Amino acid sequence: MDVYFIRGLHALPCHLNDYLELVEFTGRAIRGDKTGAIPASCGTLLQRLDIDLDSWMELTEGFEYQFCHLAGRLHSLQHCRQTDGMHRIRGSGNAKRLLGA
């Protein structure tokens, strides 16, 4: 499944995993004294986000089935619910299971 990252009217047709790999590569290629640089001593993106590989694969292979209108860690979904006065957020169980508390 292709995912399109949209910014304004422009879109980048690619898979989510490919896009994140590109961002990770770019951050590591930038000189260490520049904004956005990722030091070689940093772990992988999944390690830094504290997401295990199996959960990430399940999440990306069925993203549209895991969440509805909002996606993220449970505490972020709860914050959005409170801020927007929502009663229930679909996908909160998957957020906890796949992304942790």
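Reader: What makes a set of residues a nonpolar core here?

Author: A nonpolar core is a set of buried Ala, Val, Leu, Ile, Met, Phe, Trp, Tyr and Cys residues joined through side-chain atoms within 4.5 Å. In this predicted model, the largest such core has 10 residues: L46, I51, W56, L59, F67, L77, I89, A95, L98 and L99.

Reader: Which elements give two or more residues to this core?

Author: They are α3 and α6, the latter covering 92–99. The largest share comes from α6, with three residues.

Reader: What does A95, a member of that core, touch beyond its neighbours in sequence?

Author: Not counting residues up to four places away in sequence, A95 touches F67, G72, R73, L74, L77 and G100. Of these contacts, F67 and L77 are also listed in the core.

Reader: What is the secondary structure of the chain as a whole?

Author: The chain has six helices and two strands. Along the sequence the pattern is β-β-α-α-α-α-α-α.

Reader: How much of the chain is buried?

Author: Of the 101 residues, 21% are buried. The chain exposes about 7,600 Å², and carbon and sulfur atoms supply 56% of that area.

Reader: What share of the contacts with a separation of 6 or more joins residues 24 or more positions apart?

Author: The share is 34%.

Reader: Why is S55 called buried?

Author: The relative accessible area of S55 is 10%. Buried means under 20%, so S55, at 10%, is buried. S55 is placed in helix α3. Leaving out residues up to four places away in sequence, S55 touches R97 and L98.

Reader: Why is R97 called partly exposed and not exposed?

Author: R97 has a relative accessible area of 45%. Exposed requires over 50% and buried requires under 20%. A value of 45% lies in between, so R97 counts as partly exposed. The residue is found in helix α6.

Reader: Which residues is R97 in contact with, once its neighbours within four places in sequence are left aside?

Author: R97 is in contact with S55, E58 and Q66. For these pairs, contact means heavy atoms within 4.5 Å. A separate value concerns R97 and L74, which are 23 residues apart along the chain: their C-alpha atoms are separated by 9.2 Å.

Reader: E24 is a charged residue; why is E24 called buried?

Author: E24 has 12%, so E24 is buried. The residue sits in helix α1. Setting aside residues up to four places away in sequence, E24 touches I38, G43, T44, L45 and R48.

Reader: How do you know that T44 is partly exposed?

Author: T44 has a relative accessible area of 42%. That value falls between the limits of 20% and 50%, so T44 is partly exposed. T44 is placed in the loop between α1 and α2. Apart from neighbours within four places in sequence, T44 is in contact with E24 and R28.

Reader: How far apart are the C-alpha atoms of T44 and E24?

Author: They are separated by 8.1 Å, and the two residues are 20 residues apart along the chain.

Reader: What makes the phi of D50 worth a remark?

Author: Most residues other than glycine have a negative phi. D50 is not a glycine, yet has a positive phi of about 60°. D50 lies in the loop between α2 and α3.

Reader: Is D50 buried or exposed?

Author: The relative accessible area of D50 is 63%. Exposed means over 50%, so D50 is exposed.

Reader: Why is Q78 called partly exposed?

Author: Q78 has 33% relative accessibility. Q78 is in helix α5, residues 74–84. Q78 and R88, 10 residues apart in sequence, are 9.0 Å apart in space, C-alpha to C-alpha.

Reader: What is the volume of the largest pocket, and which residues lie nearest its centre?

Author: The volume is about 380 Å³. The lining has 20 residues, and L20, L45, L46, L49 and W56 lie nearest the centre.

Reader: Which helix gives the most to that lining?

Author: α1 does, with five residues. At least two residues each come from α1 (16–29), α2 (45–49) and α3 (53–61). By class, the lining has 14 nonpolar, three polar and three charged residues.

Methods. Residues numbered from 1 in each chain as written. Predicted model: local features only at pLDDT ≥ 70, side-chain atom pairs only at ≥ 80, totals over all residues. Heavy atoms only, no water. Helix = DSSP H or I, 4+ residues; strand = E, 2+ residues; numbered from the N terminus. Buried < 20%, exposed > 50% of the residue type's maximum accessible area, 1.4 Å probe, protein only. Areas by Shrake-Rupley, 256 points an atom, 1.4 Å probe, with all protein chains shown as cover. 1 Å grid on protein atoms, 1.4 Å probe; cavity = no way out; pocket = protein on both sides within 12 Å on 5 of 7 lines; lining within 4 Å. Points joined across faces, edges and corners; volume = space filled by probe spheres on them. Nonpolar A, V, L, I, M, F, W, Y, C, P; charged D, E, K, R; others polar.
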